[in-house]
Amino acid sequence: MTNKETIQKSENPHEGHRERMRGKIENGFIGSFTDVELLEVLLFYVIKRSNTNVTAHNLLDKFGTLRDVLSADSELLKNVDGIGETSAVFFKILSEINRRIASSSGTVEKRFSSIEQIGEYFIKKFKFITEEKVMLLLLDNKNAVIDCKTIENGTVSSSVLSIRDIAKEALLANAARVVIAHNHPSGDPSPSDDDIIVTRMLRRTLGELDLDFVEHIIVADDRYMPVISYMTRISELDYGN
């Protein structure tokens with residue numbers, strides 16, 4: 001063995017293990033990998049010389065599941081021993097890829113017949129998104145999707161969300177019906193006071209423009225809350241008392 005070869009091997013003492021792991025993948029054994037092993041191999045491509053098995057354990061110890069690792073905030077990831085800026089960006093890219101795959105799967109038919117379908121649609125749209133966003137869904141008079149876009153990064157608030165801009169987007173798209181949706185990263189889909197205020201303002205403003213405000217959907221993890229339906233139920237209960 002030459003001195004050069006000795007130096008190369010000493011630069012990455014884990015190379016033999018990495019090659020064996022790659023060999024298992026090439027031979028079709030990836031399905032038998034544990035979550036730790038999957039993360040370990042994934043990290044081969046951004047961490048060149050250290051023991052990524054230890055880092056994979058650190059990630060799962062902190063976040064609990066693969067899904068939570070992939071959707072974790074970049075700053076939190078960088079607090080994990082073994083994860084630097086490059087690895088945090090790598091996971092951010094993977095998170096966005098996963099989110100787009102999830103949001104596009106099962107949505108070939110873009111015509112809705114129920115609030116339940118719209119709720120499930122937005123659960124997929126918000127999957128792997130960890131910061132609060134507001135989305136606008138525009139429908140024609142047959143409930144087919146004209147467009148769905150993010151209109152605000154941050155919380156739903158009567159002082160931030162532009163009711164005028166929502167109305168303008170709907171009119172320019174020649175939409176007949178409007179849905180807005182936002183996520184609660186806290187995991188609780190219950191509407192806040194601001195959520196209810198914005199919903200009332202939208203109902204009034206869009207109604208004056210002959211636009212049907214179908215629903216305001218709040219998504220939290222794999223659950224959703226239709227705010228208009230919630231408000232109606234609360235009013236009925238109050239009336240009953």
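Author: In this predicted model, helix 3 passes helix 4 in a right-handed crossing.

Reader: What makes a crossing right-handed?

Author: A crossing is called right-handed if the near helix is turned clockwise from the far one by less than a right angle. The crossing of helix 3 with helix 4 is of that kind.

Reader: Which residues make the contact between helix 3 and helix 4?

Author: Helix 3 contributes D35, V36, L39, E40 and L43, while helix 4 contributes T52, N53, T55, A56, H57, L59 and L60. By class, these residues divide into 6 nonpolar, 4 polar and 2 charged.

Reader: Why is helix 2 called roughly perpendicular to helix 3?

Author: Helix 2 (residues 15-26) and helix 3 (residues 35-43) pack at an angle of about 110°, with their axes 11 Å apart. The term roughly perpendicular covers 65 to 115 degrees, so helix 2 is roughly perpendicular to helix 3. The contact joins H17, M21 and I25 of helix 2 to E37, E40 and V41 of helix 3. Its residues comprise 3 nonpolar, 1 polar and 2 charged. Helix 2 passes helix 3 in a left-handed crossing.

Reader: How do you know whether S74 is buried or exposed?

Author: The relative accessible area of S74 is 18%. Buried means under 20%, and S74 is therefore buried. S74 lies in helix 6, which covers residues 74-78. Leaving aside residues up to four places away in sequence, S74 touches A88 and K92.

Reader: Why does V145 count as partly exposed?

Author: V145 has a relative accessibility of 23%. Buried requires under 20% and exposed requires over 50%, with partly exposed in between; V145 therefore counts as partly exposed. V145 is placed in strand 2 (residues 145-153).

Reader: Which residues does V145 touch?

Author: Residues up to four places away in sequence are not counted; V145 touches K110, F112, L137, L138 and L139. From C-alpha to C-alpha, V145 and F112 are 8.2 Å apart in space, although 33 residues apart in sequence.

How values were computed. Residues are numbered from 1 along each chain as its sequence is written. This is a predicted model: local features need pLDDT of at least 70, side-chain atom pairs count only at pLDDT 80 or more; totals for chains, interfaces and linings use all residues. Side-chain values use heavy atoms; hydrogens and water are left out. Axes are lines fitted to C-alpha atoms, for helices over the stretch in contact, and angles run from 0 to 180 degrees between N-to-C directions. Helices (H or I, at least four residues) and strands (E, at least two) are DSSP runs, numbered from the N terminus. Angles under 35 degrees count as roughly parallel, over 145 as roughly antiparallel, 65 to 115 as roughly perpendicular and the rest as oblique. Contact means heavy atoms within 4.5 Å. Ala, Val, Leu, Ile, Met, Phe, Trp, Tyr, Cys and Pro count as nonpolar, Asp, Glu, Lys and Arg as charged, and the others, Gly among them, as polar. Buried means under 20% relative accessible area, exposed over 50%, partly exposed in between (1.4 Å probe, protein chains only).
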